[in-house]
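Let's learn to read a protein model together, one feature at a time.

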Amino acid sequence: MGVGKGLYTPEILALAMELANTPWDDALPHKGTARSRSCGSTIDVALATDPAGAVTALGLRPHACAVGQASAALFARSALGRNKAEIAQSRSALAKWLVGDTLRPVWPGLENLEAARAYPARHGAIMLAWDAALDALSGVRAT
């Protein structure tokens, strides 16, 4: 579980740098935000969806620690093509995994956050991108 590696592993720091690949885009129609109550980190998500409600474009504006940024980068890597229900299901599984209730959810790259599970104060930051995306998708209806 990353014991002895510390929180800010090279993997987490490298992922945090990836957010430069997903810049904020004011032109995207659906916007959401989330804030971690435990650490104060925030993230804004802007996205577009197709008529079926699947995410087709994504932009992020993070104000979060490296762990929150790394998690947001993992979200961004695999969010395209997913709909609100899929994101909500993965968010629920992620929350359970963080507290040790289940196996790691099926979302590419989450093994890179293994060390952060031992830091409950960072769990809220890990959830930010999923929460902000669900906020952005709250008014989106598939046709």
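Predicted model: local features only at pLDDT ≥ 70, side-chain atom pairs only at ≥ 80, totals over all residues.

The dialogue below goes through strands, cysteines, a pocket and one histidine.

Q: Which strands does β2 join, and how do they run?
A: Helices (H or I, at least four residues) and strands (E, at least two) are DSSP runs, numbered from the N terminus, and two strands pair if DSSP finds at least two bridges between them. Here, β2 (residues 42-49) is joined by six bridges to β1 (residues 30-35), antiparallel. Eight bridges, again antiparallel, join β2 to β3 (residues 55-63). A34 stands opposite I43, and T42 has H63 as its bridge partner.

Q: What sits in the turns of the hairpins?
A: Between β1 and β2 there are six residues, and G40 in that turn has a positive phi of about 85 degrees. Five residues separate β2 and β3, and G53 in that hairpin takes a positive phi near 95 degrees.

Q: Is β2 mostly covered or uncovered?
A: Buried means under 20% relative accessible area, exposed over 50%, and partly exposed in between (1.4 Å probe, protein chains only). In β2, six of the eight residues are buried, so the strand is mostly covered.

Q: How many disulfides are there?
A: A disulfide is a pair of cysteine sulfur atoms within 2.5 Å, and by this rule the count is zero. For C39, the nearest cysteine sulfur is that of C65, 5.2 Å away. C39 is partly exposed at 28%, whereas C65 is buried at 16%.

Q: What lines the largest pocket?
A: Rolling a probe the size of a water molecule over the atoms shows where empty space is left. On a 1 Å grid over the protein atoms alone, a pocket is an open set of points where a 1.4 Å probe fits, with protein on both sides within 12 Å along at least five of seven lines; lining residues have an atom within 4 Å of a point. The lining includes R35, R91, G124 and D131, and α4 gives the most to it, with four residues.

Q: Where is H123, and what does H123 touch?
A: H123 lies in helix α4 (residues 123-136) and is buried, at 11%. Contact means heavy atoms within 4.5 Å. Not counting residues up to four places away in sequence, H123 touches L98, V99, A116 and R117.

Note on methods: Residues numbered from 1 in each chain as written. Heavy atoms only, no water.
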